[in-house]
Amino acid sequence: MSKVLVIKAHPFDGDKSRTIKTLDTFLETYKAKNPDDEIETLDLFATNFPELDGGMMAAWGQLANGTAFTDLPADVQKGMGQFNDALAQFKAADKLVVANPMWNLSIPAQLKSWIDAITVVGETFRYTATGHIALVPGKPFVHIQAAGGKYEGKDLGTQYVQGALEYLGAKRFAKIGVEGMDHFPDQADQIVAAAQEEAKEVANKF
């Protein structure tokens with residue numbers, strides 16, 4: 001039995017989002033093939049996942065100097081708690097699925113914040129004299145991303161998400177791109193349908 005962590009980085013559900021529609025198809029197929037696996041979804045928008053800000057960065061310094069966690073401001077405690085929970089989820093997962101739209105050539109801010117939460121020296125990587133070492137290697141991941149244009153994996157969002165996860169030792173299993181619906185609106189239905197079929201194929205092998 002595997003633990004699968006799903007990162008939903010879109011404010012809409014599958015009825016409005018092509019990203020999440022593809023994710024839903026992937027998960028439906030995956031669950032049918034792997035009924036005993038544990039699937040946990042972190043919805044970054046529904047949980048109002050916090051951003052790494054000055055208050056949180058200052059708090060880490062205060063904790064290092066002996067300040068009690070309970071003496072930190074309530075909003076900082078909440079944000080740090082969400083960061084810590086996300087880190088624990090990531091470390092415990094055997095497999096990872098990240099689903100996000102491409103917005104303005106990049107990714108939603110909430111997804112960047114989640115990556116900030118799991119990129120922790122001493123927890124998921126460490127520095128050495130010859131470079132960094134990933135401390136949680138070998139997690140396969142699937143990246144699902146919809147975009148109005150066609151980028152074929154060369155967009156900044158794809159490169160950042162995959163590069164950040166690979167830095168921590170995760171291994172790309174597949175990228176499911178739903179691309180070109182705005183560039184080729186007359187082909188939008190066919191593009192989405194093809195992505196659904198690809199999602200089923202990937203899920204059966206993941």
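Which residues make the nonpolar surface patch of about 290 Å²?

Reply: The patch is made by Leu52, Met57 and Trp60. The model is predicted, so local features need pLDDT of at least 70 and side-chain atom pairs count only at pLDDT 80 or more, while totals for chains, interfaces and linings use all residues. Residues are numbered from 1 along each chain as its sequence is written, and side-chain values use heavy atoms, with hydrogens and water left out.

A patch consists of residues with over 30% relative accessible area and no salt bridge, where nonpolar side chains (Val, Leu, Ile, Met, Phe, Trp, Tyr) are joined within 5 Å and like charges within 9 Å. Accessible areas come from the Shrake-Rupley method with a 1.4 Å probe, and for residues only the protein chains shown count as cover. Leu52 belongs to the loop between strand S2 (38–43) and helix H2 (54–64); helices (H or I, at least four residues) and strands (E, at least two) are DSSP runs, numbered from the N terminus. Leu52 has a relative accessible area of 31% and is therefore partly exposed. In these terms, buried means under 20%, exposed over 50%, and partly exposed in between, with a 1.4 Å probe and protein chains only.

Thr25 lies in H1 and is buried because its relative accessible area is 14%. Beyond residues up to four places away in sequence, Thr25 touches Gln196, Ala199 and Lys200, contact meaning heavy atoms within 4.5 Å.

Lys200 also takes part in a salt bridge with Glu197 (3.3 Å, N to O). A salt bridge is a side-chain nitrogen of Lys or Arg within 4 Å of a carboxyl oxygen of Asp or Glu. Why are Lys200 and Glu197 separated by about one helical turn? The reason is that they are three residues apart in helix H6. Lys200 is partly exposed, because its relative accessible area is 35%, and Glu197, at 42%, counts as partly exposed too.

By this rule the count comes to five salt bridges. One of them joins Lys91 and Glu123, whose closest N and O atoms are 2.6 Å apart. This pair links distant parts of the chain: Lys91 is in helix H3 (residues 74–92), whereas Glu123 is in the loop between H4 and strand S4 (125–128), 32 residues apart. Another pairs the side chains of Lys112 and Asp116 (2.8 Å, N to O), both in helix H4 and four residues apart, about one turn of the helix. Lys8, Asp13 and Asp43 are linked in a network of salt bridges.

Backbone angles complete the picture. Most residues other than glycine have a negative phi. Leu105, however, has a positive phi, near 70 degrees; Leu105 is in the loop between S3 and helix H4 (109–118). Glu152 likewise has a positive phi, near 55 degrees. Glu152 is found in the loop between S6 and H5 and is exposed, because its relative accessible area is 60%.
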